[in-house]
Amino acid sequence: MQINGNYRNLQPNYLFSTVTKRVAEERRRHPGKPIYRLGVGDVTLPLCPAVIGALGKAVEEMSAAETFRGYGPEQGYDFLRERIQQYYAAFGVSLDLEEIFVSDGANSDLGNILDLFSKENTALIPDPVYPVYLDTNTMDGRKVLFMDGGEENDFLPLPDPSVKADLIYLCSPGNPTGAVYTRAMLQSWVDYARARGAVILFDAAYESFVTGDLPHSIYEVEGAKECAIEISSLSKTAGFTGMRCGYTVVPRTLEREGMSLNRMWLRRQTTKFNGVSYVVQRGAAAVFTPEGRRQTGEATAFYRENAALIAAALRELGVWFTGGVCSPYIWMACPEGMGSWEFFDLLLREAGVAGVPGAGFGRNGEGYFRLTGFGSREETCQAIAALQELYRARGLAG
């Protein structure tokens, strides 16, 4: 027999596992030393009351024969899909119920969606990038091209007419950079994809952090339903990192080679996926009620404020950064040409602050570093103070 040899082309360890291991090693070397974790993008606030109430009621239903639920529809219960449909309508996007598929999170669907596409296709991926985009295509043996992000384009690469690609990955607000595409920028990507018959895989996991007139969905752009699949999550919107619930939108009008990608995804899900639990979906539906929106909005604002505090400190120190406005992420330049893993070790050792080295997100991430606003307010403020002290003590402030 033969194994999938493409796994030999992966990095030996997943980025965040390596970060976690190094932080654990520092704790072992210096027990009792405070370490402020502003690296892994997990939430810290509890589920909101509206969600907890809905979960409790759903658990009670499962205790009685007349309200017990067994297998549910693989594409999700209508009571949740209708709420998602209404949510999109609030920012001007009309979706059919059959275009919405409930999932156990964006991470799963970002990999599973590749079942719809030939391994002969070429994927175009941003650099720096969330590692799952690259790793899942590497596992399939698909050819990958990169679009360069950097300070010169605010880490928001735009189409290059000379590049031919079949699958295009976009993430806005971006992970790891926190940068956000405008409608005009997304329109240029939609026009590019339509002209080439390509499909955009749009990661909208952080759309709830968007403020002002920036787009929440790629479907706010003309023609996107003919060329884009949107994948989103409640992990950061409503603290569902441990609950696992998200959704993928596959428009009915999206066809390639005479095949409906909507019907293909339905067929794939009914074969390989048994759906998200009834209890979790009831909790998810509560997120989209007026009370749930208000309560989860307060949590999002809290994380956004944490990011704003970090941004203000970096601004005062004269450090270049992006993000921190419509995103929980701060993407900062390492000082004095320092490598990102070198800066990781310095920051962890001397300030007790754990972030994520930019090199882990790709070649163009070298020399940059990601911090998150997902910590507690106390931990965030302590990390900021430790960072400022390190910069001033070493003369790194601009």
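Mentor: First, a term. Buried means under 20% relative accessible area, exposed means over 50%, and partly exposed is in between (1.4 Å probe, protein chains only).

Trainee: So is Tyr130 buried or exposed?
Mentor: Tyr130 is buried, because its relative accessible area is 16%. Tyr133 counts as buried too, at 2% relative accessibility.

Trainee: Before we go on, what kind of model is this?
Mentor: A predicted one: local features need pLDDT of at least 70, side-chain atom pairs count only at pLDDT 80 or more, and totals for chains, interfaces and linings use all residues. Residues are numbered from 1 along each chain as its sequence is written, and side-chain values use heavy atoms, with hydrogens and water left out.

Trainee: OK. How many aromatic pairs are there?
Mentor: The structure holds 26. Rings of Phe, Tyr and Trp (its six-membered ring) pair if their centres lie within 6.5 Å; planes under 30 degrees apart are stacked, over 60 edge-to-face, and the rest tilted.

Trainee: Why is the pair Tyr130 and Tyr133 edge-to-face?
Mentor: Their planes stand at 85°, so the pair is edge-to-face, with ring centres 5.8 Å apart. Phe302 and Tyr303 are edge-to-face as well, because their planes are at 70°; those centres are 5.9 Å apart.

Trainee: Which residues do ring pairs link into a cluster?
Mentor: Phe16, Phe155, Trp320, Trp331, Phe361 and Tyr368.

Trainee: New topic. In what order do the four strands of the open sheet come?
Mentor: The order is 11-12-15-14, with antiparallel pairing. Strands are DSSP runs of E, at least two residues; helices are runs of H or I, at least four; both are numbered from the N terminus. Two strands pair if DSSP finds at least two bridges between them.

Trainee: Which are the edge strands?
Mentor: Strand 11 (321–323) and strand 14 (356–357), since each pairs on one side only. Two bridges join strand 14 to strand 15 (residues 368–372). Pro357 stands opposite Phe369 in strand 15.

Trainee: And the core? Which residues have the most contacts inside the largest one?
Mentor: Phe117, Ile229, Met332 and Phe343, in a core of 67 residues. A nonpolar core is a set of buried Ala, Val, Leu, Ile, Met, Phe, Trp, Tyr and Cys residues joined through side-chain atoms within 4.5 Å.

Trainee: Is there a second one, or what else belongs here?
Mentor: A second, separate core has 56 residues, including Ala54 and Leu156.
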